[in-house]
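Please open the structure in your viewer and keep the selection tool at hand. The tour below goes from one selection to the next and says what is found at each stop.

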Amino acid sequence: MTDFPGLDDVDWASMGHAYGSAEDVPDMLRRMVGDDPGERGKAFSEFYGAVHHQGDVYESTVAAVPFLIHALRDPAARDKDDLMALLASLGGVEIEDLAMVFDNVGYYEQVLEGSDPLTGGGDTARVVPPADALSGDDGDRPGYAEIIEQNIQNGNPYARAVLAVAEGRADYLRLLTDPDPGVRWTACMAAVAGVPDTETTAALLGRLHEDDHPKVREFVASLLGIVAVRSRPEDTAPIADGLAEAAVRDASPSVRMRAFTELMRRFPDRPSPLDTDAILALVAEVRGDEVPAIQGDGDRSYYHGVLLTLVDYALDGRIEERWALLERLLDRPDLESTARTLTMVRELLEGWRGDHGALIARALGFLGSEDDDEEVKVAVEAARVVITAGPLAAPFADAVEEVLEASDGGAALEAATDLWAEIGDPRALEIIEEMLDVEHWTEFALMKAQSMGAAGADLGPALQEFLAVRLAEEEPDSETVKDAVRAVTAVGADASAAVPFLVAREPGRDVFELLGLIGPTAREAAPVLAGHMADDGLPGWGPPLAASAYWLITGDAEPVLPVLARVMEERGPCLDDVLETAQLMGAEAAPLADLVRACVEDPGEFRARSWEIETRSRAAQALWPVTGDTEAGLAALLDAWNLQPSADIAEAFEQMGAAAAPAAPALRRELAQWRRANLRRGVAIRVGDRHPDFRAARTDEELREACTRALAAIQG
């Protein structure tokens with residue numbers, strides 16, 4: 001059993017872990033290296049459960065790292081692979097995020113974005129970039145070493161754990177030649193923790209080319225991708241060369257595939273060593289490749305099922321190569337393959353910019369017959385492509401009509417109506433009106449009427465009649481009434497018939513929102529809303545939402561301002577809504593100017609960083625119209641933009657005109673991006689498990705259009 005000098009000298013009682021005092025950590029550590037294999041397993045489980053609970057790091061976790069490294073140095077140490085897997089996890093490198101079988105899109109997207117699983121944006125970030133990480137005209141992020149150093153200075157325990165694990169790098173490198181492939185595998189993983197150095201990079205490249213176990217070589221290719229992102233650009237050429245060589249020369253198809261995907265992911269300017277035919281041939285080889293497992297590392301059937309999707313993601317911004325791959329796949333005769341490929345087409349439209357017209361046209365060709373289950377699946381996926389494309393499919397508005405006339409309805413009808421409604425094509429009007437009378441299509445029809453907006457003005461009478469009929473029912477369905485009110489107001493018609501129904505409902509966010517949408521014709525609700533503004537019995541969200549609706553209906557700012565002020569002062573519930581109301585009020589909200597400024601600087605505490613970003617952005621958007629302070633308003637908007645670009649902020653730049661000239665470089669950078677804004681925020685899901693985001697491309701196109709308008713306004 002390994003001895004731990006100094007273990008009892010540590011003040012463990014002053015530290016804690018997930019379940020209380022860390023006084024039990026020494027016992028865990030001793031049992032983890034003891035003679036009883038059963039006790040060793042229990043001790044590892046206890047350590048993961050308490051000291052490294054769900055990936056968390058505590059003072060006691062950092063304090064335990066040197067003893068874990070010390071255990072590795074004992075020639076008689078058992079379970080070295082388990083020790084190094086734990087150390088790797090403490091250093092931010094997780095097996096489940098890296099194994100090919102469980103390829104995690106969110107992990108790779110964060111790395112690709114120029115950060116790292118530790119440093120990337122999103123709500124699970126453990127080590128975050130400095131606040132000014134994206135400041136400056138070039139928008140460069142700090143390097144990995146700088147990010148770690150900044151977090152060390154801030155006392156971040158995750159960063160401290162990273163550096164503590166890296167202290168054992170010499171020991172991990174020593175074990176890269178261990179006879180046990182499981183030890184070599186986990187030694188490679190632990191060696192990646194921390195800031196890379198040339199010795200570690202060279203050692204990993206040696207494993208990539210020389211290890212006799214294909215699974216180790218395959219895994220090392222993934223790790224080299226992470227090392228590439230964490231390294232300075234001038235130090236990455238050997239990694240690119242090594243991956244390129246392995247992608248064409250390794251004896252194992254699986255290793256060649258992993259090396260190829262990492263090369264494509266990490267080195268977007270590097271020419272692809274494989275053309276489309278070679279990629280498809282390699283996919284076929286991988287599916288037939290029998291890779292010996294290391295310690296039962298999982299069934300590869302999932303990986304094989306999403307392999308083409310993985311390849312497509314790896315090509316990332318190489319849009320022309322992706323088009324070529326998808327076109328070839330759509331030529332395959334089997335319908336199951338076609339359905340999967342159409343899903344990949346949809347995800348390409350959803351996440352990446354470009355002229356995808358040829359693929360949209362191909363999708364239209366699969367919208368016709370739905371004679372059997374397989375054809376229905378294909379038609380549904382084809383419809384999803386058109387629906388996701390939104391305004392990108394506008395050039396095919398006539399073509400989709402031809403498909404609809406030749407089809408049995410179903411998916412083709414949904415795709416055609418969605419497209420026409422999205423672009424305000426009058427062909428949608430008659431269909432939506434007919435759908436209102438068909439129970440199966442009612443919800444869809446109301447949603448598409450909202451999409452049409454002012455272009456659907458002719459739907460006003462039909463929608464008002466629909467709303468009146470629902471309101472006259474003995475027990476009106478609340479959700480249907482609410483959807484109908486949204487549709488009526490979206491097309492510009494009067495929905496005041498619903499006011500008595502809404503006023504009689506239990507006060508709630510949706511009720512106040514709908515009364516505000518109805519606007520001045522809902523004036524009979526004003527006294528009720530005034531009462532809710534002063535009702536201490538309502539939950540915290542009640543008075544501010546009632547105040548917002550009251551102002552939209554009456555335009556009377558005097559009773560509203562104190563309610564908004566209280567929420568801003570307390571950073572209370574519905575702060576976003578309050579800031580939006582202040583923005584709409586403009587100069588009428590001038591008495592709130594100092595409070596709005598304070599919300600820009602400190603929006604409050606949030607469980608999720610994304611919520612903080614959104615609130616800060618909303619405060620920045622309100623600052624200029626409320627205060628008229630162009631300089632401070634622009635600075636706040638730029639800060640919010642650097643955190644998360646949005647069409648709303650771009651529209652604020654547009655309204656400011658020439659005064660927003662300093663924002664021009666940021667707008668141009670956004671227009672030069674190939675990945676849509678939503679995808680750049682990270683998608684913490686596995687490949688093949690994505691749920692469609694039919695608004696993603698539309699929202700991003702709105703952002704691009706807003707950027708273009710803002711630049712035009714700035715340039716005069």
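A salt bridge, as the term is used here, is a side-chain nitrogen of Lys or Arg within 4 Å of a carboxyl oxygen of Asp or Glu. With that in mind, select Arg353, Glu670, Arg676, Asp700, Glu701 and Arg704, which are linked in a network of salt bridges. Please remember throughout that this is a predicted model.

**Confidence first**

Colour the chain by pLDDT, the predictor's confidence in each residue. The mean for the protein is 89, and 90% of its residues reach 70 or more. Now select residues 111–125, where the pLDDT is below 50, although this stretch has 42 contacts in the model beyond near neighbours in sequence. Residues 131–139 also stay under 50, and for them the model has 13 contacts beyond four places in sequence. Where pLDDT is low, the predicted coordinates should not be read in detail.

Side chains of opposite charge can pair when their charged atoms come close.

Select arginine 698 and aspartate 418, whose closest N and O atoms are 2.6 Å apart in a salt bridge. This pair links distant parts of the chain, since arginine 698 belongs to helix H40 (residues 696–715) and aspartate 418 to helix H23 (residues 411–422), 280 residues apart. Are these two residues buried or exposed? Arginine 698 has 2% relative accessibility and therefore counts as buried, and aspartate 418, at 3%, counts as buried too.

Go next to arginine 160 and glutamate 59, whose side chains meet in a salt bridge at 2.7 Å, N to O. Here again distant parts of the chain are linked, with arginine 160 in helix H8 and glutamate 59 in helix H3, 101 residues apart. Arginine 160 counts as partly exposed because its relative accessibility is 29%, and glutamate 59, at 41%, is also counted as partly exposed.

An α-helix has 3.6 residues a turn, so residues three or four places apart point the same way. Lysine 482 is buried, with a relative accessible area of 8%, whereas glutamate 479 is partly exposed at 47%.

**A helix with a kink**

Select helix H3 (residues 59–72) and look along its axis until you come to valine 65, where a kink of about 30 degrees lies shortly before proline 66. H3 is mostly covered, with eleven of its 14 residues buried, and among these are Val62, Val65, Phe67, Leu68 and Ile69. To see what surrounds the helix, show strand E1 (16–17) together with helices H1 (25–32), H2 (37–51), H4 (80–90), H8 (157–166) and H9 (169–174), against which the buried residues of H3 pack.

**An enclosed helix**

Move on to helix H31 (residues 542–554), which has 13 residues and spans 18 Å from its first C-alpha to its last, close to the 18 Å expected at 1.5 Å a residue. Why can H31 be called largely enclosed by the rest of the structure? Twelve of its 13 residues are buried, so the rest of the structure largely encloses it. The buried residues include Pro543, Pro544, Tyr550 and Trp551, and those of H31 pack against helices H29 (509–518), H30 (526–533), H32 (561–570) and H33 (575–585). After H31 comes glycine 555, whose phi is positive, near 70 degrees.

**The nonpolar core and a buried threonine**

Select Leu29, Leu367, Met568, Phe653 and Leu667, the residues with the most contacts inside the largest nonpolar core, which has 221 residues. Helix H12 (residues 214–230) gives the most to this core, with nine residues. Centre the view on leucine 367, whose contacts, leaving aside neighbours within four places in sequence, include Ala379, Val386, Val403 and Ser407.

The last stop is threonine 615 in helix H35 (residues 609–627). Its relative accessibility is 2%, so threonine 615 counts as buried. Not counting residues up to four places away in sequence, threonine 615 touches Leu575, Asp576, Leu579, Pro603 and Phe606.

Conventions: Residues are numbered from 1 along each chain as its sequence is written. This is a predicted model: local features need pLDDT of at least 70, side-chain atom pairs count only at pLDDT 80 or more; totals for chains, interfaces and linings use all residues. Side-chain values use heavy atoms; hydrogens and water are left out. A nonpolar core is a set of buried Ala, Val, Leu, Ile, Met, Phe, Trp, Tyr and Cys residues joined through side-chain atoms within 4.5 Å. Buried means under 20% relative accessible area, exposed over 50%, partly exposed in between (1.4 Å probe, protein chains only). Helices (H or I, at least four residues) and strands (E, at least two) are DSSP runs, numbered from the N terminus. Contact means heavy atoms within 4.5 Å. The expected span of a helix is 1.5 Å times one less than its number of residues. The bend at a residue is the angle between axes fitted to the seven residues ending there and the seven starting there. pLDDT is the predictor's confidence in each residue, from 0 to 100.
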